[in-house]
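Here are my notes on the model you sent over.

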Amino acid sequence: KQWHTPRAAFRPTRSLTSYTKRLSTQKATAATKSKEREMKAEKEEERQKRITNIRERREKKAEKERFENMAEKMHAKRVERVRRREKRNKLLKS
């Protein structure tokens with residue numbers, strides 16, 4: 001005969017919910033998680049689209065600016081060339 005009576009483990013939630021009820025709650029949580037993942041994916045896709053749009057705009061602006069600078073330099077070079085030519089002609093005439 002044992003001194004203390006043998007006890008079972010204390011598990012109050014073990015038999016309170018049935019297997020079918022647990023299964024249905026698991027299905028519900030899985031559905032909500034999949035919906036959340038889908039929404040997050042949509043949000044991330046939209047964010048990436050915005051980022052690429054901004055990046056393309058910046059690249060276009062930089063290229064336009066580069067061409068403008070190049071045109072200015074070309075103009076400046078041409079002006080400098082004309083100035084040198086005029087100076088040469090002036091020296092030849094005198």
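The points below go from overall shape to individual side chains.

1. Ground rules. This is a predicted model, where local features need pLDDT of at least 70, side-chain atom pairs count only at pLDDT 80 or more, and totals for chains, interfaces and linings use all residues. Residues are numbered from 1 along each chain as its sequence is written, and side-chain values use heavy atoms, with hydrogens and water left out.

2. Fold and shape. The protein chain has one helix and zero strands; both are DSSP runs, numbered from the N terminus (helices: H or I, at least four residues; strands: E, at least two). Helix H1 covers residues 19-93. The C-alpha box, taken along the principal axes, is roughly 135 × 35 × 10 Å.

3. Burial. Which share of the chain is buried? It is 0% of the 94 residues, with buried meaning under 20% relative accessible area, exposed over 50% and partly exposed in between (1.4 Å probe, protein chains only). Leucine 92, in helix H1, counts as exposed because its relative accessibility is 71%.

4. Salt bridges. There are two in the structure (a side-chain nitrogen of Lys or Arg within 4 Å of a carboxyl oxygen of Asp or Glu). Glutamate 44 meets arginine 47 at 2.9 Å, N to O; they sit three residues apart in helix H1, so about one helical turn separates them. Glutamate 44 is partly exposed at 37%, and arginine 47 is partly exposed too, at 38%. Arginine 50 and glutamate 46 form a salt bridge at 4.0 Å, N to O, and lie four residues apart in helix H1, about one turn.

5. Around phenylalanine 67. Phe67, Met70 and Met74 make a nonpolar surface patch with about 310 Å² of accessible area together. Patch members have over 30% relative accessible area and no salt bridge; like charges are joined within 9 Å, nonpolar side chains (Val, Leu, Ile, Met, Phe, Trp, Tyr) within 5 Å. Methionine 74 is exposed because it reaches 53% relative accessibility. The charged end of arginine 66 sits over the ring of phenylalanine 67, 5.0 Å from its centre (cut-offs: NZ of Lys or CZ of Arg within 6 Å of the ring centre and within 35 degrees of the ring normal).

Technical notes. Areas by Shrake-Rupley, 256 points an atom, 1.4 Å probe, with all protein chains shown as cover.
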